[in-house]
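The text below keeps to computed geometry and gives the cut-offs along the way.

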Amino acid sequence: MTTTTHVDGNHAEEKLLRYRVGQRLVHAVLATSFLMLLFTGLMILWQPLTQFARDGTSGIIHRIGAGLFILVPILYLIVDRRGAKELLVESFTYDKDDIEWFKHAGRYFIGRAVGMPPQGRLNAGQKLHHAGVVVTSATVVFSGILMWFAKGSLGATGLALTATIHDLSMLALTVLLVGHLYFTFVYKALSGMTTGYVSKEDAEIEHPKWVEEMEHQGSGN
């Protein structure tokens, strides 16, 4: 278990390493590429912004963003294979504590994590969020590749259907992003991704099973 101690005045706070460098790099690339896709896509679809797409620059930026977005899982496997596997497995694995967590999700939504059912490295809501990101990202990529490289062979109906799937998937990802930002703000979690460390006290409240696991590994048992 990797820990550090932060001293603020006379108060010393123990912190746990939650996000390794590779994980933070992947998160940054994912966020950057998604925002590139979102805003350049809006320039095409939303009338007030179409004027910014007329010179073709937005299309170039969109394709660059698409390339980065497609490379995210490959990058994850290169820089942190263990982390990529953990994220994928945990996002689709739920136990009885997760079911209980969902029953009390309303409390967590308004910032009351104390007393919630015990959770591991990811709480049930985070698992659902990550699973949603994985699935909708896949539909964004596949529909985008079809429109990029096979547009002429889709036909009018096929192209319209593919474009609809692509747009709805981006809408779903945008909703997931808004939720992600909301909980980042409510639980003041941004520093965890920028520094990699989180307060052990907070972790024991929100992810007690994960803290216990880290301590068990650190003890060498």
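Leaving aside neighbours within four places in sequence, which residues is F69 in contact with? Contact here means heavy atoms within 4.5 Å. With that cut-off, F69 is in contact with L30, S33, F34, L37, S137, V140, V141 and L173. The model is predicted: local features need pLDDT of at least 70, side-chain atom pairs count only at pLDDT 80 or more, and totals for chains, interfaces and linings use all residues. Residues are numbered from 1 along each chain as its sequence is written, and side-chain values use heavy atoms, with hydrogens and water left out.

F69 is found in helix α2, residues 57-79. Helices (H or I, at least four residues) and strands (E, at least two) are DSSP runs, numbered from the N terminus. F69 counts as buried because its relative accessibility is 7%; buried means under 20% relative accessible area, exposed over 50%, and partly exposed in between, with a 1.4 Å probe and protein chains only. One of the contacts of F69, S137, lies 68 residues away along the chain, with the two C-alpha atoms separated by 8.6 Å.

F69 also belongs to the largest nonpolar core, whose 10 residues are F34, L37, L38, A66, F69, V133, V140, V141, M170 and L173. Such a core is a set of buried Ala, Val, Leu, Ile, Met, Phe, Trp, Tyr and Cys residues joined through side-chain atoms within 4.5 Å. Two or more residues of this core come from each of α1 (21-45), α2, α6 (124-149) and α7 (151-186). Another member, L37, touches H62, G65, A66, F69 and M170, not counting residues up to four places away in sequence.

The buried residues of α2 are S58, G59, G65, A66, F69, V72 and Y76. They pack against α1, α3 (81-91), α6 and α7. An α-helix has 3.6 residues a turn, so residues three or four places apart point the same way. A kink of about 45 degrees lies at V72, shortly before the proline P73; the bend at a residue is the angle between axes fitted to the seven residues ending there and the seven starting there. The end C-alpha atoms of α2 are 31 Å apart, which agrees with the 33 Å that its 23 residues should span at 1.5 Å a residue. That expected span is 1.5 Å times one less than the number of residues.

Aromatic rings come next. A search of the whole structure finds 9 aromatic pairs. Rings of Phe, Tyr and Trp (its six-membered ring) pair if their centres lie within 6.5 Å; planes under 30 degrees apart count as stacked, over 60 as edge-to-face and the rest as tilted. Y108 and Y187 form a stacked pair, 4.5 Å centre to centre with 20 degrees between the planes. This pair links distant parts of the chain, since Y108 is in helix α5 (residues 105-109) and Y187 in the loop between α7 and α8 (190-195), 79 residues apart. Both Y108 and Y187 are buried. The rings of W148 and F149 have centres 4.9 Å apart and planes at 20 degrees, so this pair is stacked. W148 is partly exposed at 35% relative accessible area, and F149 is exposed at 61%.

Over the whole protein chain, the secondary structure comes to 10 helices and 3 strands. Of its 221 residues, 31% count as buried.
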